[in-house]
Amino acid sequence: MSSGSRAGAGSTAGAVSTAGAGRTAGTEGTASTAGYGEAAEQLAVQYESVSFTEVHRSRLHLYPAAPAAVLDIGAGTGRDAAALAALGHRVVAAEPTPELRAVGERLHPDAGIRWVADELPALPRLSAEGERFDLILLTAVWMHLTPAEGPSAMDALARMLAPGARLALTIRHGPVPPGRRMFDLPPEHTITLAQARGLRLLHRSARPDLHGREDVSWTELVFGRGH
């Protein structure tokens with residue numbers, strides 16, 4: 001689900017589609033990870049074809065200096081997790097799709113990443129561990145959550161942010177691929193959820209799709225927790 005993640009330049013995550021709430025493929029019962037396991041090898045080529053720096057360029061100045069505790073949610077094949085570990089960060093990569101975790105461990109065997117099978121909205125395993133992070137990434141992940149899952153997901157994320165930490169996420173806009181579960185929600189929906197939990201919007205930008213899909217675009221958001 002993000003760093004070498006999902007459909008976009010990144011990752012995966014965690015159905016109640018309300019009228020006007022966004023676009024989705026499939027039915028309420030479609031899993032948030034649908035379509036990723038069987039396509040893991042093909043997706044790995046796509047994810048790893050762009051670099052961490054290309055994906056995060058507009059936000060890098062807001063990321064903490066190493067060494068920091070980093071959580072990459074929906075880590076996909078580990079592209080971003082490996083890059084951050086190489087910079088000296090301590091990185092946890094949460095990825096619920098076994099096939100993508102396996103590819104990530106094969107592609108980045110010596111990166112020092114701790115892989116965890118966990119997913120939004122609740123992140124039950126990581127929530128139980130109680131660790132807090134200086135940077136949490138959700139790259140091409142948030143769009144997999146239904147509108148009804150957003151509040152509980154933001155609750156979980158807010159609990160895991162250390163004082164002064166950053167939460168960086170991308171929001172996908174465009175048609176939903178067949179067999180996938182995605183929701184195209186306005187950025188204001190996510191901004192409101194974050195601000196209601198005491199997070200401050202530090203950055204908002206828009207960019208085209210890095211894989212050249214003309215009908216897909218992305219909103220990039222970074223939030224900060226106070227000290």
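This is a predicted model: local features need pLDDT of at least 70, side-chain atom pairs count only at pLDDT 80 or more; totals for chains, interfaces and linings use all residues.
I began with Arg 90, which forms a salt bridge (a side-chain nitrogen of Lys or Arg within 4 Å of a carboxyl oxygen of Asp or Glu) with Glu 131, the closest N and O atoms being 2.5 Å apart. Arg 90 sits in strand β2 (residues 90-94) and Glu 131 in the loop between α5 (124-129) and β4 (133-138), so the pair ties together parts 41 residues apart in sequence. Helices here are DSSP runs of H or I with at least four residues, and strands are E runs of at least two, numbered from the N terminus.

Residues are numbered from 1 along each chain as its sequence is written, and side-chain values use heavy atoms, leaving out hydrogens and water.

Next I looked up Arg 197, whose side chain meets that of Asp 155 in a salt bridge (2.5 Å, N to O). This pair links distant parts of the chain, with Arg 197 in the loop between α7 (187-195) and β6 (200-208) and Asp 155 in helix α6 (residues 150-160), 42 residues apart.

How many salt bridges does a search of the whole structure find? I got 10.

Then I turned to Arg 59, in the loop between α2 (52-56) and β1 (69-73). Arg 59 counts as buried because its relative accessibility is 0%; buried means under 20% relative accessible area, exposed over 50%, partly exposed in between, with a 1.4 Å probe and protein chains only. By contrast, Arg 90 is partly exposed at 48%.
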